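This report describes selected features of the structure shown below.

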Amino acid sequence: MTARLYYRDSYVREFRAQVTGLSPDRCTVYLDRTAFYPTSGGQPHDLGLLGGTAVAGVIDEGERIAHVLSAPWEGSSVDVLCELDWARRFDHMQQHTGQHLLSAVFSGTLGADTVSFHLGEQFSTIDVASGQLDGTGLRRVEERANAVVFENRQVSIEFEDAASATGLRKPSERKGEIRIVTIEGLDRSACGGTHVRATGEIGPILLGGVEKIRGNTRIEFVCGLRAVRRARGDHDLLAVLSRQFSAPPDDLPALAAAQRERLEESEKVRRRLGLELAEQRGHRAYEETQPGSDGIRRQERRAVTLTDEIRAEALSFTSRPAALFLALAENPPALLLASSEGSAVHAGDWLKAALKETGGRGGGNARLAQGSVPDAALLGRIALRLGE
């Protein structure tokens, strides 16, 4: 059995222990006691050094904690010095305690109970049982949570029997003795994670993105130095945009909206002019194309992808009598066939027949048809068939 030092003291940065077991490849070490936290309850495992060898993973195996090393263990089995990556551990303590605080405030302020929690590398998330959270409610939660941080309330650890433990934010499903984390006057939760001693050590709390997840709402958040770094990054970004727009940050939303409106109008003009030019190309191509022996003018166009301009050119070319226009695109492999009324070719029927032979799919009407093939190499075969 491994004694878990982090249960009673999350601030143990280094400790000495004895090796009680090794895996056959000597890359997994078991100790008589440990301060390394294993991946559990949404919180990632600790990193650090075990006798000078890097700890790459920590796994909870029930009675024992497995320490997965980056290299086979070659050290002594007695009085092994173990050191935690303290910056990572303290960051996890801030985020996890911040989650307890936020969960209590979400529940107390908005009646939104926490469904799950995940502590990530860049940000953490809370899923709450509510699909109706708005910006006003989130700001209330953020301000209330930070107010509790400033009050520097005590965060304490107790051990109680699950059957007699009262006042828990969420009933525990465990039997026997449970570990309870209490934020003074605000929250009592059964939890095996690592936590700070007082809310002031959580540091600032910043809520981020929000999305709907299976009827619940997922909220991103960062605490402590993560929040400071996020705020610094946002400030620097605003500073860059302010210089580019030659305007103060408060004016940027209106300027961005105006720029977007202008871009949308410009795009509409570009598309209209593009279609007009495509139609002109189609008319010119018809005039410059000599009829075949059957009296039909044929035009083939190769392109990276099928576009509205190509369709416009095809329809323009075949708006004249006895004309066929075939466009072939490679990404994705696709083709478009346009036929004039006097060409004696039904575009949809012809394309379906050609695609059936090549394993493609598609269809259309007498004047215009479009389809796709599984391989771009098949496009040439279809082009040759049209020229027959």
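## Aromatic pairs

Rings of Phe, Tyr and Trp, the last represented by its six-membered ring, are taken to pair if their centres lie within 6.5 Å. The model examined here is a predicted one. Ring pairs link Tyr6, Tyr7 and Tyr37 into a cluster. Over the whole structure, the search returns eight aromatic pairs. In one of them, the ring centres of tyrosine 6 and tyrosine 7 are 5.2 Å apart and the planes stand at 75°, so this pair is edge-to-face. Tyrosine 6 is buried, its relative accessible area being 1%, while tyrosine 7, at 30% relative accessibility, is classed as partly exposed.

Phenylalanine 15 and phenylalanine 36 also form an edge-to-face pair, because their ring planes meet at 70°, with the centres 6.0 Å apart. Phenylalanine 15 belongs to strand β2 (residues 14-17), whereas phenylalanine 36 is found in the loop between β5 (33-34) and β6 (48-50); the pair therefore ties together parts that are 21 residues apart in sequence. Phenylalanine 15 has a relative accessible area of 5% and is buried. Phenylalanine 36 is likewise buried, with a value of 0%.

## Charges over rings

The charged end of arginine 64 sits over the ring of tyrosine 30, at 3.6 Å from the ring centre. For arginine 297, the ring concerned is that of tyrosine 286, and the charged end sits over it at 4.3 Å from its centre.

An open sheet is formed by three strands in the order β12-β13-β14, with antiparallel pairing. The edge positions are taken by β12 (155-161) and β14 (187-190); each has a single partner strand, so one side of each is left without a neighbour in the sheet. From one strand to the next, the twist averages 30°.

Four bridges connect strand β13 (residues 177-183) with β14 in the antiparallel sense. Within this pairing, isoleucine 180 has alanine 190 of β14 as its bridge partner. Helix α1 (residues 86-110) packs on the sheet and touches β12, β13 and β14. The direction of helix α1 makes about 75° with that of β13.

How many residues of strand β19 are buried? Of the seven residues in this strand (residues 333-339), seven are buried, so β19 is largely enclosed by the rest of the structure. The covering extends to both faces: Pro333, Leu335, Leu337 and Ser339 are buried on one side, and Ala334, Leu336 and Ala338 are buried on the other. Buried here denotes under 20% relative accessible area.

Strand β18 (residues 323-330) pairs with β19 in the antiparallel sense over seven bridges. The two strands form a hairpin, with two residues between them. Leucine 324 has serine 339 in β19 as its bridge partner, and Ser339 is also among the buried residues listed for β19.

Strand β21 (residues 368-372) runs antiparallel to β19 and is joined to it by five bridges. In this pairing, alanine 338 stands opposite leucine 368 of β21. Ala338 is buried, on the face that also holds Ala334 and Leu336.

Conventions:
Residues are numbered from 1 along each chain as its sequence is written. This is a predicted model: local features need pLDDT of at least 70, side-chain atom pairs count only at pLDDT 80 or more; totals for chains, interfaces and linings use all residues. Side-chain values use heavy atoms; hydrogens and water are left out. Buried means under 20% relative accessible area, exposed over 50%, partly exposed in between (1.4 Å probe, protein chains only). Two strands pair if DSSP finds at least two bridges between them. Rings of Phe, Tyr and Trp (its six-membered ring) pair if their centres lie within 6.5 Å; planes under 30 degrees apart count as stacked, over 60 as edge-to-face and the rest as tilted. A charge sits over a ring if NZ of Lys or CZ of Arg is within 6 Å of the ring centre and within 35 degrees of the ring normal. Axes are lines fitted to C-alpha atoms, for helices over the stretch in contact, and angles run from 0 to 180 degrees between N-to-C directions. Contact means heavy atoms within 4.5 Å.
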